[in-house]
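Dear colleague,

Please read them with the model open beside you.

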Amino acid sequence: MIGLPLDVTLPKLKGIRWRYCTRWDEGPAAVLGMSLLRLGICRPNDWSGSTVDFLERGFRRFCSQNRSVAAKRVWVGDLRITDSLFELTEQERNQVEAGREGMTDHLYLVGDYEAAASIPIGATLARLEAEHDLLPAAFYEVFTTNLYKWMRVYDYLDGQEHAETWMEDLSEDELEASVYRKVDMEIPACIKRHSKTFKYRRARNLLREIRPHTSVARELIRHLLEMDAHGQGHEHAWPGQISEKDVPGIETWLSDAEYSRPGCLITWYENDAINACFDEEAQHMGENGPCQPNVALPIHLNKPAKDLDEEVRRVFDHAGAMLRSLASAAKIVELIRDLYDEYLREHRIESGLPVEPGAAGVREE
């Protein structure tokens, strides 16, 4: 039997907003949006009828003004304003909101990385050593010190820690065949000789005083000093620095969360022992709980307007410095990769090894 035809009505989609926000989102966004308006980060013409959209327009413009586009050329991640330190499913969010009395009294500025940027620095260190015996160690110290302000950095020190942990359970034959012994063996002499004694202040002074002969060394140092200037006065805003007094329940969450994912992987050469150790660790990151974000700064909304504006200004000053610093760092990484590709061509090694996107986040070309 064939049924009678049914009338079908198609709704008109013209003019319907593409973003939907619950009542929980709008209240905190309105408080923060008014503060950003007073600070000049948001503008009256950003208003389109939604406080969340208003906040997003001002925040996007702020990021663009602080060179976020240049930073994105290397760093894969996001900087966002949220009411939670970790991602929630719809069911989890409903449970949280059901147990909450009134509007949330704080938001977070959260920075995280989806993949670790590959930085094969060995060829660059060799080029810098030709300029001055101490220059590679000085460059490495200032570069990593500044990166640590904005992200977890995975380098040979992390590789050593991973190798030492796993070597304890290996037999002599297994140890001989393992990659773990190579972590120490592959450290360049220019780093090994000076890593313990050549610290940040001395390294920065050398970079300011030295006059390299080659244009690429001058360019590397110029961008590094620029990166360092943007980061002056700022320290890494780890979630662990948030106190229980500031955000009740933070200690419980931190005890259940795993360490942050690295924002970059600094190796001597692609596919070296450091890379092997990182790949082993990356396979298990996030298995036992959510990973902590790399940066987390709380914004307490239950303050008088003047105090709230002061706190918001501090948080956004940190965000702006982070973006500008990482934009300068992106130029450094691009130069490092160019020098590495030049090294590969000179040694007749195929550059830009194709890889599948994965936890390691090794660059694709």
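**Notes on the structure**

Helix 6 (residues 135–147) has 13 residues, which at 1.5 Å a residue should span 18 Å, and its end C-alpha atoms are 18 Å apart, so the two values agree; the expected span is 1.5 Å times one less than the number of residues. Helices here are DSSP runs of H or I with at least four residues, strands are runs of E with at least two, and both are numbered from the N terminus.

Before going further, please keep in mind that this is a predicted model, in which local features need pLDDT of at least 70 and side-chain atom pairs count only at pLDDT 80 or more, while totals for chains, interfaces and linings use all residues. Residues are numbered from 1 along each chain as its sequence is written, and side-chain values use heavy atoms, with hydrogens and water left out.

Helix 6 is largely enclosed by the rest of the structure, because 12 of its 13 residues are buried, where buried means under 20% relative accessible area, exposed over 50% and partly exposed in between, with a 1.4 Å probe and protein chains only. Among the buried residues of this helix are Phe139, Tyr140, Glu141 and Phe143.

The search of the whole structure for aromatic pairs finds 12 of them. One is formed by Trp47 and Phe54, which are edge-to-face, at 6.0 Å centre to centre and with 65° between the planes. Rings of Phe, Tyr and Trp (its six-membered ring) pair if their centres lie within 6.5 Å, and planes under 30 degrees apart count as stacked, over 60 as edge-to-face and the rest as tilted. Trp47 is partly exposed at 47% relative accessibility, whereas Phe54 is buried at 7%.

Tyr340 and Tyr343 form a stacked pair, at 6.2 Å centre to centre and with 20° between the planes. Both lie in helix 15 (residues 305–346), 3 residues apart, which is about one turn of the helix. Tyr340 is buried at 4% relative accessibility, while Tyr343 is partly exposed at 24%. Elsewhere, ring pairs link Phe59, Phe62 and Phe316 into a cluster.

Lastly, Ala237 sits in the loop between helix 12 (215–231) and helix 13 (250–256), and Ala237 is buried, with a relative accessible area of 5%. Beyond its neighbours within four places in sequence, its contacts (heavy atoms within 4.5 Å) include Lys149, Asn294 and His318. Ala237 and Asn294 are 57 residues apart in sequence, yet 7.7 Å apart in space, C-alpha to C-alpha.

With kind regards
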